[in-house]
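Open the structure in your viewer and keep the selection tool ready. The tour goes stop by stop.

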Amino acid sequence: MEPEYNGLEVADRSRRLLDGLLEILESIDDGQARLDRITDRITTILETDVCSVYLLRTADSLELCATQGLNPQAVHVTRMQMGEGLVGRVAQELIPINTANAPTEPGFRYMPETGEEMYASFLGVPILQRGTPLGVLVVQSKESRRFSEAETQILKVVASALADMTELGKFVSDQYAISAPHTRPAQFQGSIGQEGIAEGQVLLHESRVVVANPITDDPEKEILRLSKALEKLRGQVDEMTATSTLNATDEQRAIIETYRMFANSRGWVQRMEANIRSGLSAEASVEKEQSDTRTRMSRAEPYLRDRLHDLDDLSIRLLRLLTGQARLDRQKIPRNPILVARQIGTGELIEYGAKLKAVVLEEGSVGSHAAIIARANAIPLLVHTEGILSEALNGDPILVDGDSGTAYLRPSKKIAVTVRNKIAQRKQLELRYQGLRDLPAISRDGVTISLNINAGLLPHLPNFARSGADGVGLFRTELKFLATNRMPRREELVQYYRLVLDSAKGCPVCFRTLDIGSDKLLRYMKRDEEPNPAMGWRAIRVGLDRPYVLKMQLQALVRAANGRPLSVMFPLVAETSEFEQARTIFLDVIRNETARNRAISSDLKIGAMLETPSLAFAPDRFFQQVDYLSIGGNDLQQFFFAADRQNELVRRRYGTLNISYLRFVRFIVERCAKFDVMLSYCGEAAGRPLEAVCLAAIGLRQLSMRASSVGSTKHLIRHSDLSAVRAAIEAAETDGTEDLRTRLASEIGVEHILTP
């Protein structure tokens, strides 16, 4: 019968064991000797026949790094994959395995080199760092018995201390290939959000908190430290709660109150205090509780798993208070920073400015607006780069290859040389494209295409002059709103738009009115949760429901232009009445400004973004009223194919070169030509040379793209015969080809993209 669990016994035996570990931790032994002494100490205190430590050597493999009781010749020889054998199961499932008869357990793997066949009992617990596996701690006995709950708890406490010791590099050895986490080269694969190659240092959006003292010899002092830190944490949460609930909905208040409840949970505190009494420091006790909670909740109902981020956030805040390690000062970011984050909002990315050399996200989406900001700044972007956050540390050297979708963390010399050669080749290519800067984009059969850039912040405007573009086809006015914590004042907008027009030096600039909603949320604007925000309350729908904001923005644009040519378009117009309402508001602004004797442009154009299929079928009167249209290709494509552009499972299944989509775009071209409406195409496809040539071939004469794409797009247009491309598209329509990429690449010779 299993002995009854006794909390005092656990605390006493854990503390005796950790006292010995503290002595070993402070010794001058090398890493292997430390590990050997630790396994010996554990077998003595727990009275077992075997203690073994397995550490992760790669993301999916474990190695026996120390043992007392098994064959010492197996150390650094025995390896297993995650999920393989009982040890691999513990590492993969992140839960202890406790059995009286190990060979009968599912998945048991016999390793003859270890000599473990004589041991029946097995207890393995994961070595976790805030939920991330670092290895497995195992004890075994010849006697066939289940280990007690007390022994399991003791081993979990010791494993938590080992996690911090591993993290601190206390087991690094010259004799054997044991190295600390975050020191080995690591490679991660992600989805390509923006091509390009960059070299720099890791800048973590949320920097890791390092625990330097995992073990204590004064539990009462540590409990007092924890109590004081918790008091400060609750004060922060109360202040945040008071601020956040002023304009919150009932649902938002409930979420905030749940967060506050977690911060005041007595059970949470009691478990951390128990960890301290077992011999862990206050910081290590917080980490252990965070790992334990992650393990429990990851197997809970989905609505409980959604609360994991609240508990993680509280734990990290508490660790910062205990260690004194503040959040990173964004004014003191490293040289050549490459941002590494789980996810990042549009406004947060804007706050970093143009300092970033690349962005690597564990989550995110190629189609998100944060990704669009990265592209506007011409910086490489990877998304869905799983696992990099658990490996990266601030300041780590990193290479990002946005062409292959690979991030190299702490790269080897061989990898570094290869990637640097690619960087040099790209720079040579960019220099060649600069030779086209002052030349027009005229195809071989004499068709001129106007190439424009997309911009949204003043720092983007110098790219316009360097790119050789004809103008700014889309100026995203919402970025100014997203970059601040309050609604900009009208006079601020007047000055800002005036600087934009001044920077353009007489070249055309097309301003898009405020396009918020979906994944672009203003921090200071109250909004309700929506089941499908991409198709919800956003863009012109917000403008018409909040006309004072739209009116203020239009007034600012008119005053900034001060008589100069002015082009304004409204986003996501889905039907004629929306355009007419917005146009009426604009004309009212013009009348009021005229009455105040302000200069009004004689060259005023009022347009719309065609981003929904419905607008293409609008009544003739719409096309008779609108001065110009810009196809918003990113949104139009997601609605045309019913494929969420932020959903990586479906977005890549449908492309611009799909014959059905091209036929639809050609229909829009023909409707605009019938009413002599100027038409442009704005979106990621416009900046991909092959897609750009196809759009030009079906009748588009204006394209708007990120500045970095102008050179390669201009080059391919100048080497293409658009009539031949158009004939290839028409032939594909006839023979039923759905995707034209391979066919068109052979028709126009895609090698021209690389060889100007």
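Is S291 buried or exposed? Select S291 and see. This is a predicted model, and in it S291 has a relative accessible area of 3%. The cut-off for buried is under 20%, so S291 counts as buried.

Now widen the selection. S291 sits in helix α8, which covers residues 282-297. Next, pick L128, Q129, R130 and G131. S291 touches these four, leaving aside residues up to four places away in sequence.

Move on to helix α3, residues 85-93. This helix is mostly covered, with seven of its nine residues buried. Select G85, L86, V87, G88, R89, V90 and A91 to show the buried ones.

Step just past the end of α3 to L94. There, L94 takes a positive phi of about 60°.

Last, colour the chain by pLDDT. The average is 83, and 83% of the residues score at least 70. Find strand β19 (residues 566-570), whose mean of 97 is the highest among the elements of the chain. Then find helix α9 (residues 302-305), which has the lowest mean, 49.

Residues 1-5 are one of them, and the model gives them nine contacts beyond four places in sequence. Residues 750-756 also stay under 50, with 15 such contacts beyond four places in sequence.

Key. Residues numbered from 1 in each chain as written. Predicted model: local features only at pLDDT ≥ 70, side-chain atom pairs only at ≥ 80, totals over all residues. Heavy atoms only, no water. Buried < 20%, exposed > 50% of the residue type's maximum accessible area, 1.4 Å probe, protein only. Helix = DSSP H or I, 4+ residues; strand = E, 2+ residues; numbered from the N terminus. Contact = heavy atoms within 4.5 Å. pLDDT = per-residue confidence, 0-100.
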